[in-house]
Amino acid sequence: MALKAVHVSDVPNLDQVPENSPLALCSTRFFKGVNYDGDDEVKFGYNLPKFMVIGHRGSGMNILQSCDPRMKSIQENSILSFNAASKFPIDFIEFDVQVTKDECPVIFHDNFILTEDEGVIVERRVTDLTLAEFLCYGPQKEPGNVGKNLFRKTKDGRIFEWRVQNDDPLCTLQEAFKKVEHSIGFNIELKFDDHMVYTEEEVTHVLQAIMKVVNEYANDRPIIFSSFQPDAAQLIRNLQNTYPVFFLTNGGSEIYMDTRRNSLEEAIRVCLTGSLQGIVSEVRAIIRNPGVVTRIKESKLCLITYGQLNNVPEVAWMQHLVGVEGVIVDLVKEITEAISDYIKPAKDYDEDSLFVEEAEKQVTTKPRFTQHELSLLLLKISPELIQS
């Protein structure tokens, strides 16, 4: 993966973090359902794991311009990618859902889908396609059928043919519920175009189509809804009270006309005003201002982060130390293995011993780095982090 410099001032001071801060990388499920008492207090059906690693678009997003083959290993947002991620000790996979013109929720990140026709790149908005048109792109399920070649446009306008080592057909939300390992939770990002203005009726119509599939196929699968669109987050919260809703924010890395999207302080306000359950923040916003984690915790909100910095094991571990509950990552295998490696195995003991209870209390985890060592390590690696 290419690297990009960040300033030393962006790296938080970890001197105040308890050295024996615990971490459990486990498959404890949470958010099976959400119940509310008379005071509208959230009561989750699952206990929150001490730390979560969440697969980004399955087992990782595709960065076609990257020289790192891991960024082009498996087609993102595909059944193949989801099930590949489920082989590792993670609790959730994250993916993007849009709704086609004929009201079918499909899984695809970009607002536009590109192909080539007689040497010319043709792009169409995903939500302007019917399901049949959408599924004509990329590899096909039926033997002998050939789909339209997929291309992708980067943020700087470059276009790449969408070639990966392990390809897989595009899929629907319904297929994901039916074909993905049932024990894996879904972090469903409700995808809307940042450059479009939606009416409440339009957003509600999209969300109702998604909820129809969720209600029919979710069963007891853990689900989190999230969205960068504050109105969509509020509306999905109003449409159901079974699953928690998180507000997505880049914490001010980019500025939008909608001021609710421009800082973590605004994100906290959105959650408290709309009775949302948590925030998913771009990790750099947390690294620049780790003190905001305390304010989020005091507001009784959960906090998860995303971003390429999360592919650095030390950065993921550092976030646990300051109170972040989970990280969305591309390198699922590497991050789960690295974080597990930070945990010292518990000592063996006789299950029939009178001291079993005390021994269980001692099954704690401890980082291999002291806080001072971790601070120095982050300072050392920070000038080389994620060059896009």
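Trainee: Is F186 buried or exposed in this predicted model?
Mentor: The relative accessibility of F186 is 0%. Buried means under 20% relative accessible area. F186 therefore counts as buried.

Trainee: Which residue puts its charged end over the ring of F186?
Mentor: The charged end in question sits 4.1 Å from the centre of the F186 ring. For Arg, the atom that counts is CZ, and the limit is within 6 Å of the ring centre. The residue is R221.

Trainee: How many aromatic pairs are there by the ring-centre rule?
Mentor: Rings pair if their centres lie within 6.5 Å. By this rule the model has a count of eight.

Trainee: What kind of pair do the rings of F108 and F134 form?
Mentor: Their centres are 5.8 Å apart and their planes meet at 85°. Planes over 60 degrees apart put a pair in one class. The F108 and F134 pair is therefore edge-to-face.

Trainee: How many residues apart in sequence are the parts that F108 and F134 tie together?
Mentor: F108 lies in the loop between β5 (105-107) and β6 (112-117). F134 belongs to helix α2 (residues 131-135). Both residues are buried. The parts that the pair ties together are apart in sequence by 26 residues.

Trainee: What kind of pair do F177 and F186 make?
Mentor: F177 is buried, with a relative accessible area of 6%. The ring centres of F177 and F186 are 5.1 Å apart, with the planes at 45°.

Key: Residues are numbered from 1 along each chain as its sequence is written. This is a predicted model: local features need pLDDT of at least 70, side-chain atom pairs count only at pLDDT 80 or more; totals for chains, interfaces and linings use all residues. Side-chain values use heavy atoms; hydrogens and water are left out. Rings of Phe, Tyr and Trp (its six-membered ring) pair if their centres lie within 6.5 Å; planes under 30 degrees apart count as stacked, over 60 as edge-to-face and the rest as tilted. Helices (H or I, at least four residues) and strands (E, at least two) are DSSP runs, numbered from the N terminus. Buried means under 20% relative accessible area, exposed over 50%, partly exposed in between (1.4 Å probe, protein chains only). A charge sits over a ring if NZ of Lys or CZ of Arg is within 6 Å of the ring centre and within 35 degrees of the ring normal.
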